[in-house]
Structures are given as structure tokens and as C-alpha cells.
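Here are a few friendly notes to read alongside the structure. Please have the viewer open as you go through the points.

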Amino acid sequence: MDPTTDNAGNPDAARASLEALRAEIAKAVVGQDPAVTGLVVALLCRGHVLLEGVPGVAKTLLVRALASALELDTKRVQFTPDLMPSDVTGSLVYDTRTAEFSFQPGPVFTNLLLADEINRTPPKTQSSLLEAMEERQVTVDGTPRPLPDPFLVAATQNPVEYEGTYPLPEAQLDRFLLKLTIPLPSRQDEIDVLTRHASGFNPRDLRAAGVRPVAGPADLEAARSAVAKTSISPEITAYVVDICRATRESPSLTLGVSPRGATALLATSRAWAWLTGRDYVTPDDVKALALPTLRHRIQLRPEAEMEGVTADSVINAILAHVPVPR
């Protein structure tokens, strides 16, 4: 079966195919359902994802498994302190045979770009992704060059307190639709991981692990059209605005959520509502996506950080106090 044709234009079949992603990715990655769901939501919203976790928790494997299960083209860039912007976007190369310059596309020209350890490279190279993420094009020598569709940047980063990391600028953080935290596995999940490796599992060979395409670009297009038709009541819109405005008034924060962040929360709530089988958004949908959508868009006061306050705890407190529409 070719998943890119059989479900074309069929929202129900597309939803079933996207739900099947969890089982397919679970063949390679143990116990990361929330991250898988977040990546699917980002694809539906045409957004980008920041994956944060300590080294060795399968961030890279997760993205590779997603690309295999979705039958998408994927490329990987290891961000290092000496990486240049042209190493990401591409550059003009002189051809001695024709005596002309020709454009050599960089790894950003793909469907799913894995930007590995993005915060280990200096801000200049980090910012080279800004145009690609926001405008979905790359401009080299004054010529704009469109990127493929779908296009998603899945950037991994180590926690900022790790040595040799550069905090991402606020402007770039705001371009990521979601920030997903990848926790250390539970004891049973870690036993399952070791058991798989002892049985011959090779994380570099996903085909041998049984990961097969269960969805494709046609499913994503059908799903995006269906998400756009998911209704949002005025009360839900006001609820999203009230949550975001409350972050701007929080005494624990120096920076609250911008209007772009409010738009992002509305979009991710809509996608989640459709994925769960509804054609309307509820307050629970907003609450479910508030943490991953907003946690990277706020900035804690230094004194609040010293007292152990976290971005998640601030958002949870706001969700507990903002009146929920009935």
C-alpha cells in the first residue's frame, strides 16, 4: 500500500494513519508518546519543534523514526562551534567548466531537518535558520529559493546549564511552535531499551527494526485541511488571550507570551482537538498544549529562578487561576 495515495483527501483515513505513527515509532523508541504527539501537531500546524533533554535519551532517534514512518526526506546537521551559516543554507560554488557560479543547496532543503545540538553553535549560525523557519525559503546572493513542503525543523538541544552551550536568542525561540522536554526513561522503559539492544536492535537501521511508512505528505495535506475546519468558539479565543495576557502580568516573569505565542496556542489546540476526533476546541485542548507551546516563550526573573521557580510551574499556576469558559 502507498500511504501517500490511498488516503489522499480523506480526513478520517489521514487521522487513522497519523495515529498509527505512535505504534510505528514505538518499534524504535520506547516511552516517548508525548514527544511523538508534539511532532505530529507541529507538522499539522506547519511549525517547528525544539527537543530538550540530556544526551542519550533518543532525541535524534525519535526524529529519524518519525521521518521513516512518514516517508519524508530528512537530513541531519550536527551543530558545532565552527559551523558556518552556508553549511546549513547552501552556497554559490564556482564551476571551472562553465566559468559560472552555481547554487549548491544545503541540508536545509529537505522535509524534516534535524538540527542536532543547535545550542552548541554560535548565534550567527543559529540565526541562519531564522529565514528558513519563518519564510520557508533561503536567500543566497539576493535570490530567494523556496524550501520543500512539508518542511519542519526539529532542533535538539542540551539543557542550557551544560558546558559549551549558547542560549538561543528570544527571537529564534519564538519561531519554534513547541518545546518538548525529553525526560529520562522510567525504570521499566530503560529495561525495555536494554532488552531490545541485547536482542540485536540497531538504532542506525530502522528498517531492520520494522519501522515502515504508515503515512505520507497526502495524509498531512488532508489532515491540515480538516484541522483548518475545526471550529473555535469566541469563548475559547478569549480564554487563550487571557492565559497569554496573564503571563505578561506575572511577578515571576520579565517576558510574557507575545501575540505570536497566543496564535500558536490556538493553532496547536485546534490540531490536538482534531487528532482526538473532535471538530471543535475545548478548554482541555488549550490546557493540554499550553506547556509545550508557551514554556519557551517566557523568561523568568533571576530571583524567581533562584527560588526554584520554573517556566512550567508559572504556566501551571496561571492555568489554575484563569477562569475556564463553560
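1. In this predicted model, the buried residues of α12 are Gly 261, Ala 262, Ala 264, Leu 265, Thr 268, Ser 269, Ala 271, Ala 273, Trp 274 and Leu 275. Their packing partners are the helices α2 (11-25), α3 (33-44), α10 (217-228), α11 (234-248) and α13 (283-294), together with the strand β9 (178-181).

2. Do have a look at the length of α12, which runs over residues 259-275. Its 17 residues reach 25 Å from the first C-alpha to the last, close to the 24 Å expected at 1.5 Å a residue. Just after this helix, Gly 277 takes a positive phi of about 95°.

3. How do α10 and α12 meet? They pack at an angle of about 110°, and their axes are 9 Å apart. Because angles of 65 to 115 degrees count as roughly perpendicular, that is the description for α10 relative to α12. On the α10 side the contact involves Ala 223, Ala 226, Val 227 and Ala 228, while α12 brings Arg 270, Ala 271 and Trp 274. Two of these α12 residues, Ala 271 and Trp 274, are also on its buried list.

4. On to the aromatic rings: the model has two aromatic pairs. One of them joins Phe 103 and Phe 109 edge-to-face, at 5.7 Å centre to centre with 70° between the planes. Both of these Phe residues are buried.

5. Phe 103 has a charged neighbour too: Arg 145 lies over its face, 4.1 Å from the ring centre. Elsewhere, Arg 278 lies over the face of Tyr 280, at 5.6 Å from the ring centre.

Methods: Residues numbered from 1 in each chain as written. Predicted model: local features only at pLDDT ≥ 70, side-chain atom pairs only at ≥ 80, totals over all residues. Heavy atoms only, no water. Phe/Tyr/Trp six-rings, centres within 6.5 Å; stacked < 30°, edge-to-face > 60°. Buried < 20%, exposed > 50% of the residue type's maximum accessible area, 1.4 Å probe, protein only. Lys NZ or Arg CZ within 6 Å of the ring centre and 35° of its normal. Helix = DSSP H or I, 4+ residues; strand = E, 2+ residues; numbered from the N terminus. Expected span 1.5 Å × (residues − 1). Contact = heavy atoms within 4.5 Å. Axes fitted to C-alpha atoms, helices over the stretch in contact; angles between N-to-C directions. Parallel < 35°, antiparallel > 145°, perpendicular 65-115°, else oblique.
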